[in-house]
Amino acid sequence: MTAPKRTDDLRVMPWWYVLVGVLLAIALGWLVLDWLLAEANRATSIDTRATLRVDAIRTALTVVAGTGGGLALLLAARRQWLSERAQRHQEFTAGRDHSHRELVQAHTERVAATTHKNQEEQARLAEYDATERRVTDLFTKAVDLLGSDKAAVRLGGLYALERLAQDNPRHRQTVVAVVCAYLRMTDGTPPAGDDEIRRSAQRLLTRHLHADQADAWWPEVRLDLAHTRLTNFDASGCTLIAADFTGAQFAGDARFVGAHVEGGVTLSGATFDNATFDELTTAGAFVLDGARFSGAATFARSRFGGEVSARRVVFQGASFAEAAFEKTVTLDHSTFADTTSFRRATFHSGFSIERGSFAAYAGFRTVTFEDMAFFRWTAFHGDAYFENATFGGAVNLGRAEFHGRASFAGATMRRRPNIDHVRAAADQAHVWPAGTTTEKEDDHWIVLIDHHPA
């Protein structure tokens with residue numbers, strides 16, 4: 001607050017001002033009396049001089065009295081002026097004191113607020129330090145328990161880590177990393193009860209990855225289970241940021257039904273007994289390069305938002321029925337040892353399976369290829385059905401081989417397919433795209449010929 005503007009200090013009139021005023025009045029009266037008496041003495045008559053002298057004295061006294069009255073009026077005016085000045089001075093002093101008190105009060109309040117804030121910050125830091133020390137101590141003890149030779153103690157260490165992560169969200173990724181590291185440690189002979197502990201560790205991870213269970217959900221979690229042995233791993237309905245299963249060994253049934261991955265999934269070099277990825281959704285890349293499936297693999301109704309890379313994958317039976325692929329799908333050099341179905345799948349971008357191999361039935365019925373579809377050098381050892389499929393972009397079947405029956409009945413192709421050196425079994429009743437004819441190569445093979453103008 002701004003202090004009131006300061007007025008001039010009051011000053012007391014010296015006593016000799018009054019004395020000088022009185023002396024001036026007497027002097028003025030004396031001068032007037034002297035002058036009038038001199039004029040009266042000029043009169044010729046004695047009576048007239050006497051009368052004039054009396055009048056002169058009376059006039060001089062009147063002048064003195066008038067001068068004194070004037071001085072009295074001046075003093076009264078000065079007293080009034082001094083009273084007003086004193087009142088203004090009192091008001092100024094009171095305002096200045098009030099402003100000063102307000103400034104002092106405001107300063108005191110600021111100091112108190114700053115002190116309180118500092119105390120709160122110090123208390124918060126002290127509490128944070130105490131919490132961190134407690135968490136670090138609990139974390140260290142829990143990790144030590146995981147190194148025990150006794151299965152029950154290791155199990156207790158897992159539950160201790162789980163509780164620690166549940167109560168301290170900032171440390172959840174660290175706890176998940178420790179549990180993943182525990183699962184990755186497979187060197188040497190496993191201690192007694194290790195299989196049960198590993199299954200418990202798997203359940204610990206997946207239990208907290210369900211977004212529909214708000215109290216138990218650990219969001220923003222990434223899984224790093226590369227080169228890990230997993231048994232009956234079940235991530236159905238889980239939601240996570242990203243997952244790395246490079247080189248992992250999935251024993252038993254691996255289930256990712258209805259799982260949602262906001263980033264990418266890496267399964268390069270992984271091995272599976274049986275795998276179910278039905279209704280899986282991903283926003284990032286899905287990498288299966290070099291993976292091997294010794295049992296069935298299903299991807300029915302899955303939605304892949306990123307690129308799918310499955311080069312040199314070995315499938316047994318596989319189903320991609322009604323799956324949707326937003327980005328490029330690459331299955332080059334991959335093999336399918338049993339029945340494979342892409343029925344009603346939709347490829348919004350390119351599809352490539354160059355030098356692939358289908359040992360049994362390959363079903364592409366009612367599949368939609370919105371962009372290019374490449375089957376160059378691919379071998380179909382069983383029946384290959386593309387009935388009612390839609391090809392919106394370039395189609396390349398160059399050097400493909402059809403050992404079983406091939407059928408493109410009802411298929412729609414917006415562009416003429418490339419059928420350069422396509423071979424098919426001579427003893428099968430094939431249905432080729434419109435405008436395609438065949439000629440006999442030998443007793444076993446026929447060759448496709450395109451009669452459309454170049």
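**Words and their cut-offs**

Biologist: Which residues does Leu223 touch?

Modeller: Leaving out residues up to four places away in sequence, Leu223 touches Val176, Cys180, Leu205, Leu209, Leu240, Ala242, Ala243, Asp244 and Phe245. We say "touch" because each pair has heavy atoms within 4.5 Å, the rule for a contact.

Biologist: What kind of model is this, and how are its residues numbered?

Modeller: This is a predicted model, with local features needing pLDDT of at least 70 and side-chain atom pairs pLDDT 80 or more, while totals for chains, interfaces and linings use all residues. Residues are numbered from 1 along each chain as its sequence is written, and side-chain values use heavy atoms, leaving out hydrogens and water.

Biologist: Why is Cys180 called buried?

Modeller: Cys180 has a relative accessible area of 1%.

Biologist: What makes a group of residues a nonpolar core?

Modeller: The members must be buried Ala, Val, Leu, Ile, Met, Phe, Trp, Tyr or Cys residues joined through side-chain atoms within 4.5 Å. The largest such core here has 87 residues, and those with the most contacts inside it are Leu223, Phe245, Phe250, Phe293 and Phe364. Among the elements that each supply at least two of its residues are helix 2 (46-146), helix 4 (172-184) and strand 5 (249-255). Helix 4 gives the largest share, six residues. Helices (H or I, at least four residues) and strands (E, at least two) are DSSP runs numbered from the N terminus. In soluble globular proteins, nonpolar side chains tend to be buried together.

Biologist: How many cavities of 30 Å³ or more are there?

Modeller: Three. A cavity is a set of points on a 1 Å grid over the protein atoms alone where a 1.4 Å probe fits but cannot get out, and lining residues have an atom within 4 Å of a point. Points are joined across faces, edges and corners, and the volume is the space filled by probe spheres set on them. The largest cavity has a volume of about 100 Å³. It is lined by 16 residues, and Ala235, Leu240, Phe245, Phe256 and Val261 are the closest to its centre.

Biologist: What classes of residue line the largest cavity?

Modeller: Its lining has 15 nonpolar residues, one polar and no charged. Ala, Val, Leu, Ile, Met, Phe, Trp, Tyr, Cys and Pro count as nonpolar, Asp, Glu, Lys and Arg as charged, and the others, Gly among them, as polar. The second largest cavity holds about 70 Å³, and its lining has 13 nonpolar residues, with no polar and no charged ones.

Biologist: Why is Glu279 called partly exposed?

Modeller: Its relative accessible area is 40%, so the in-between label applies. Glu279 sits in the loop between strand 8 and strand 9 (281-282), and has a positive phi of about 60° although it is not a glycine.

How values were computed. Buried means under 20% relative accessible area, exposed over 50%, partly exposed in between (1.4 Å probe, protein chains only). On a 1 Å grid over the protein atoms alone, a cavity is a set of points where a 1.4 Å probe fits but cannot get out, and a pocket is an open set with protein on both sides within 12 Å along at least five of seven lines; lining residues have an atom within 4 Å of a point.
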